[in-house]
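I opened the notebook to look up cavities, pockets, the metal site and the overall fold. The entries follow in the order in which I made them.

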Amino acid sequence: MQILEPLNIARWQGPFSPEIVANAADALETGKLLYAPQLPFELSESERRFLSPDCLDGKSKNISFRPGSRALKGTHYQGSERNELLGMLQRYYNHSFDLLKALCPAYSQDLTPGFTSFRPAEIAGRTTSWRHDDTRLHVDAFPSRPMQGLRILRVFTNVNPVAPRVWRVGEKFDDAAARLLPGIKPPVPGAASLLHWLRIVKGRRTEYDHFMLGIHDRMKADETYQSQVPQTKLEIAPGTTWACYTDSVSHAAMSGQFAFEQTFYLPVKAMKDPERSPLRVLERLVGRNLT
Ligand code: SIN
Ligand code: FE
């Protein structure tokens, strides 16, 4: 399968041609990356000084904010510099939201924004535990943030002036799930309520979340899987934008510095074909409802 679905657009705002709109949601839902080689995110002369890991607070690898709030995390900047950084992230959020609404009009009423992030640190050479190591193939699933079946749709832009962002993309979700699910034990009864009650987890960890975390962990932990699974290396050029469902596209970010990312959540029922969601794929495999 072709992993990149070319998106021939040169602006963030629609309207886009009927052919582009007819194809976008299908490409995303079938596990492709929508790739716009002529869609940069322009930084002002003044904003270009933020292309440095110096704007980080020393503990975080990203600078992030939740659209709608003015709380910026991950930077030590204060005052006017902080406001300028916030304005830059706010603009990325506006652009990526405009983009998805115009590409997938059927989603627009149901998209909920998650965090906006600016990633000024080099990926290669970081040291982390295997579980946090995003240079290993994984599908996105987060222990403290249950999705309860919601889809995770992300927009990325490489703003590095010269260097690519290098990703690996692995096998289709159906294949990964069929391979990895049999080794994952069902959740311990009562554990989800306890985690929620202790406020370790924001919201209830459903069986869906349990199995997604299991797939995330087993995929990352398995060195043989990482090296042997059919995979494609992508060198994503500077000044380009891409979008994909990162809860179903297995991905690994190998190297690169300076990118923006905007997360959106979408209910399964808002998909063009809900049967293609990881929730339905897992439910078919286990033979019961998982939320
Ligand atoms: C990830 O979602 O695993 C990281 C993607 C990136 O920063 O390129
Ligand atoms: Fe990821």
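**Entry 1: second largest cavity.** I began with the classes of its lining: 10 nonpolar, one polar and no charged residues. Classes are assigned with Ala, Val, Leu, Ile, Met, Phe, Trp, Tyr, Cys and Pro as nonpolar, Asp, Glu, Lys and Arg as charged, and the others, Gly among them, as polar. The volume of this cavity is about 40 Å³. Its lining consists of L7, L34, A36, L39, L99, L100, L103, V155, T241, W242 and A243. Two or more of the lining residues come from each of strand 2 (33–36), helix 2 (79–103) and strand 9 (241–245).

I noted the terms here. On a 1 Å grid over the protein atoms alone, a cavity is a set of points where a 1.4 Å probe fits but cannot get out; a pocket is an open set with protein on both sides within 12 Å along at least five of seven lines; lining residues have an atom within 4 Å of a point. Grid points are joined across faces, edges and corners, and a volume is the space filled by probe spheres set on the points. Helices (H or I, at least four residues) and strands (E, at least two) are DSSP runs numbered from the N terminus.

**Entry 2: ground rules.** This is a predicted model, in which local features need pLDDT of at least 70 and side-chain atom pairs count only at pLDDT 80 or more, while totals for chains, interfaces and linings use all residues. Residues are numbered from 1 along each chain as its sequence is written, chains are lettered from A and ligands numbered from 1 in the order in which they are written, and side-chain values use heavy atoms, with hydrogens and water left out.

**Entry 3: largest cavity.** I searched the whole structure and found two cavities of 30 Å³ or more. The largest holds about 70 Å³ of space. Its lining is D140, A141, F142, R145, M147, L150, I152, Y208, D209, M212, L213 and D247. Helix 5 (residues 207–221) contributes the most, with four residues. I sorted the lining into eight nonpolar, no polar and four charged residues.

**Entry 4: iron site.** Which protein atoms are donors of the iron ion (ligand 2)? They are H138 (NE2), D140 (OD) and H251 (NE2), 2.1 to 2.2 Å from the ion. Donors are N, O and S atoms within 2.8 Å of the metal (3.2 Å for Na, K and Ca); water is not among the atoms, so sites may look incomplete. Along the chain the donors have the spacing H-x1-D-x110-H. D140 also belongs to the lining of the largest cavity.

I then checked burial (buried is under 20% relative accessible area, exposed over 50%, partly exposed in between, with a 1.4 Å probe and protein chains only). H138 and D140 are both buried. H251 counts as buried because its relative accessibility is 6%. H251 sits in strand 10. Leaving out residues up to four places away in sequence, H251 touches R136, L137, H138, V139, D140, W167, R168 and T246, where contact means heavy atoms within 4.5 Å.

**Entry 5: pockets.** The largest pocket has a volume of about 1200 Å³. I counted 43 lining residues, with K61, N62, R119, D134 and F142 nearest the centre. Helix 5 again gives the most, with four residues. The lining divides into 12 nonpolar, 15 polar and 16 charged residues.

The second largest pocket holds about 330 Å³. It is lined by 21 residues, and M1, T30, G31, K172 and F173 are the closest to its centre. Helix 3 (173–180) and helix 7 (278–286) each supply at least two lining residues. The classes come to seven nonpolar, seven polar and seven charged.

**Entry 6: helix 1.** Which residues of helix 1 (residues 18–29) are buried? I found I20, A24, A25, A27, L28 and E29. Their cover includes strand 1 (4–6), strand 2, helix 2, strand 6 and strand 9. After helix 1 comes G31, with a positive phi near 90°.

**Entry 7: whole chain.** I counted seven helices and 11 strands. Buried residues make up 50% of the 291 residues. Of the contacts with a separation of 6 or more, 85% are between residues 24 or more positions apart. The C-alpha atoms fill a box of roughly 55 × 45 × 40 Å along the principal axes.
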